[in-house]
Amino acid sequence: MLRFFGGVFLNSKLKKFMSDNYGFIAIGLVGIFLFVYFQFMHLGNSDDRVYSIVANSSLKDFLRFMQYHYDFCNGRVLVHVFLMLTLRFGVYLWRILCPFTYISILIMIAKFLSKNRNSFNRALMIISLLVFCINTQVYSDSLFWQTGSLNYIFPFFLLMVTLLFIKYKKFLEIVPFLSFFCGATTEQCGMISIACFAFWFVVEFKCNKRCRIVQILSVLASIC
């Protein structure tokens, strides 16, 4: 009899835990899947190999390459410096950082879109399901190779951190500095950052008929 009631009690507690945390459980399972999957990833045969050679060269050659890259390829200096630092450890550091960063972005998006714990739970569940609805080619072009993920995933981690600071009105004094780095990552993230900070400026002006210097600086810094 005690075993029966004990089993019912534990079963009810498990059901309550599942109903209260289904979103966290879903995103946790996605995180575990990605972490395991990334342990089988290796350097790609194109950009990963080239940048890996540069990453393990001398400081003089590294600086010379970065100058060449900025002058003749693109202005993604910040992300490529970060890329070189991770490539010095081969794929091993990236195998840990990339799934952690991607899951963190998903959690921050859910946090940004929600207003309480219940809506946060629902947002996590929906996002966890949507992750598996994205075409695998999109992941191949952005997430599943080291150079691509550093260019297309990590900049949005920085942007989402900045947007959460804005939403919760925390550390607003450093938002202009973060907005500068958001704009200095890639052209895609840079343009999205400018739009986000400009929208923040417009909403604040429309609602309160004023704007703060931090908002003006954020827009200008992201453009710079």
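Helices here are DSSP runs of H or I with at least four residues, numbered from the N terminus.

**Close-up 1. Phe171 and Lys169 sit in the loop between α9 and α10 of this predicted model.** With the helices numbered that way, Phe171 falls in the loop between α9 and α10. Its phi is near 55 degrees, a positive value in a residue other than glycine. Lys169 belongs to the loop between α9 (154-167) and α10 (175-183) as well. Here too phi is positive, at about 55 degrees, although Lys169 is not a glycine. For context, most residues other than glycine have a negative phi. Lys169 counts as exposed because its relative accessibility is 58%, and the cut-off for exposed is over 50%.

Close-up 2. Follow the chain back from Lys169, which takes its positive phi just after α9. The 14 residues of α9 should span 20 Å at 1.5 Å a residue, and the end C-alpha atoms are 20 Å apart, so the two values agree. Buried residues in α9 include Phe154, Pro155, Leu159, Met160 and Thr162. Also buried in α9 are Leu163, Leu164, Phe165 and Ile166. Among the elements covering the buried residues of α9 are α4 (77-87), α5 (92-113) and α8 (146-152). The cover also includes α10 and α11 (187-208).

**Close-up 3. Two cysteines, Cys73 and Cys133, and their accessibility.** Cys73 counts as partly exposed, with a relative accessibility of 45%. Cys133 is exposed, at a relative accessible area of 63%. If you are setting up bonds, note that a search of the whole structure finds zero disulfides.

How values were computed: Residues numbered from 1 in each chain as written. Predicted model: local features only at pLDDT ≥ 70, side-chain atom pairs only at ≥ 80, totals over all residues. Heavy atoms only, no water. Helix = DSSP H or I, 4+ residues; strand = E, 2+ residues; numbered from the N terminus. Buried < 20%, exposed > 50% of the residue type's maximum accessible area, 1.4 Å probe, protein only. Expected span 1.5 Å × (residues − 1). Contact = heavy atoms within 4.5 Å. Disulfide = S-S within 2.5 Å.
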